[in-house]
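Colleague: Good morning. Could we go through this structure together?

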Amino acid sequence: MQHLKTLLIEVDIDPDRLEMYNLSAAMGPKWAEICTEFTERIKKLGPSPIWWADRDRKTKE
Amino acid sequence: MIVGKQKSFEEIWDMVRGYKKVLVFGCNTCVAICHEGGSKEAEILGSLLRMKAKQANGDMEIDTGGIERQCEHEYLDQATEAVEGADVILSLACGAGVQFLGEKFPHKTVLPGLNTTFIGVVDAPGEFSERCQMCGDCILHLTGGICPITRCSKSLMNGPCGGSNNGSCEINPDVPCAWHMIHERLEAQGRGHLIDIFIPPKNWITSRAGGPRKQKREDLAT
């Protein structure tokens, strides 16, 4: 996971956009908690550089 | 096995930028074992290139794939369709694989995605170290199975030299002295007398000094 985060930096993607969690199928509440936290994290980070690039391309078209 | 290390992403991007259809092509034997050049690594690199290309507003199509070995005709035949559909192939094989792919498809540009580092072993997960320099005239039977050509920093045929210090090489305390290891191994095996045998200067004609090497088994040749 650390290696993949390093690779993401190479392409200007914030490594905080990637995370891995180990959970069993019986850990529903924990899963919901992680999803909520991660969604909040991504919202704070805002759109990714790829989203901006896509938007710029569409604007030009 | 052959150990390789992927080139920096920056160097790879500089090589492939400007091409429209790129095939990132893995080799699933040696360089897959060291987690640098197999199909899985080709997919990861392909994803990174797609992300980079999008941000660079480049009109680039990136495909990924791989075969068991890029150094054999039989396997390369399976790659024909994927290779023909690409403008350029970024091979993650060792130097032999990159060249053989280029020989098989001479009308295609084949780029090296990794640096071939050495022939070595897997010390621990993710750790590799050199064991053989392919000199073409093995003397491991005289040296307790430890190669002084590869593992002695000076490739001495008789040793140790004066730079051996408490089992370490003078170049770096973390590098074990090969001849110290040879002494200990031979003693432990009850073959300590071998250390007294003078090994004459090596004839490097069997190594790279004799030019590019070739070998052929007549009974298998077609």
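**Chain A and chain B in turn**

Modeller: Chain A has a radius of gyration of 15 Å, whereas a compact globule of 61 residues would have one near 10 Å. Please keep in mind that this is a predicted model.

Colleague: What box do the C-alpha atoms of chain A fill?

Modeller: Along the principal axes, the box is roughly 50 × 25 × 20 Å.

Colleague: And how many of the residues of chain A count as buried?

Modeller: Of its 61 residues, 2% count as buried. The cut-off for a buried residue is 20 or more other C-beta atoms within 10 Å of its own.

Colleague: Which elements does chain A have?

Modeller: Chain A has three helices and zero strands. Read from the N terminus, the order is α-α-α.

Colleague: Let us turn to chain B. How is chain B divided?

Modeller: Chain B has a domain 1, covering 2-118, and a domain 2, covering 136-209. The centres of these two domains of chain B, taken over C-alpha atoms, are 38 Å apart.

Colleague: What is the order of the strands in the sheet of four?

Modeller: That open sheet of chain B has the order E3-E2-E4-E5, and the pairing is parallel. Its edge strands are E3 (61-67) and E5 (109-112) of chain B, each of which pairs on one side only. On average, neighbouring strands in this sheet are turned by 25° against each other, direction ignored.

Colleague: How many bridges join E2 to E4 in chain B?

Modeller: Four bridges join strand E2 (residues 21-27) of chain B to strand E4 (residues 88-91) of chain B. In one pair, B:Leu23 has B:Ile89 in E4(B) as its bridge partner.

Colleague: Which strands does helix H1 of chain B touch?

Modeller: Helix H1 (residues 9-16) of chain B packs on this sheet and touches E2, E4 and E5 of chain B. The direction of H1 makes about 160° with that of E4(B). Helix H3 (residues 39-55) of chain B also packs on the sheet, where it touches E2 and E3 of chain B. The direction of H3 makes about 175° with that of E3(B).

Colleague: Now the sheet of three strands: is its pairing parallel or antiparallel?

Modeller: The pairing is antiparallel in this open sheet of chain B, and the order is E1-E6-E7. The edge strands are E1 (2-6) and E7 (127-132) of chain B. From one strand to the next, the twist averages 70°.

Colleague: What stands opposite B:Val121 in E7(B)?

Modeller: B:Ser129 stands opposite B:Val121. Five bridges join strand E6 (residues 114-124) of chain B to E7(B).

Terms used. Residues are numbered from 1 along each chain as its sequence is written. Chains are lettered from A and ligands numbered from 1 in the order in which they are written. This is a predicted model: local features need pLDDT of at least 70, side-chain atom pairs count only at pLDDT 80 or more; totals for chains, interfaces and linings use all residues. Two strands pair if DSSP finds at least two bridges between them. Helices (H or I, at least four residues) and strands (E, at least two) are DSSP runs, numbered from the N terminus. Axes are lines fitted to C-alpha atoms, for helices over the stretch in contact, and angles run from 0 to 180 degrees between N-to-C directions. Domain bounds come from an automatic or database domain assignment. The radius of gyration is taken over C-alpha atoms; the globule rule is 2.2 Å times the number of residues to the power 0.38. A residue is buried if 20 or more other C-beta atoms lie within 10 Å of its own, exposed if 12 or fewer, and partly exposed in between; C-beta atoms are placed from the backbone. Two residues are in contact if their C-beta atoms, placed from the backbone, lie within 7 Å.
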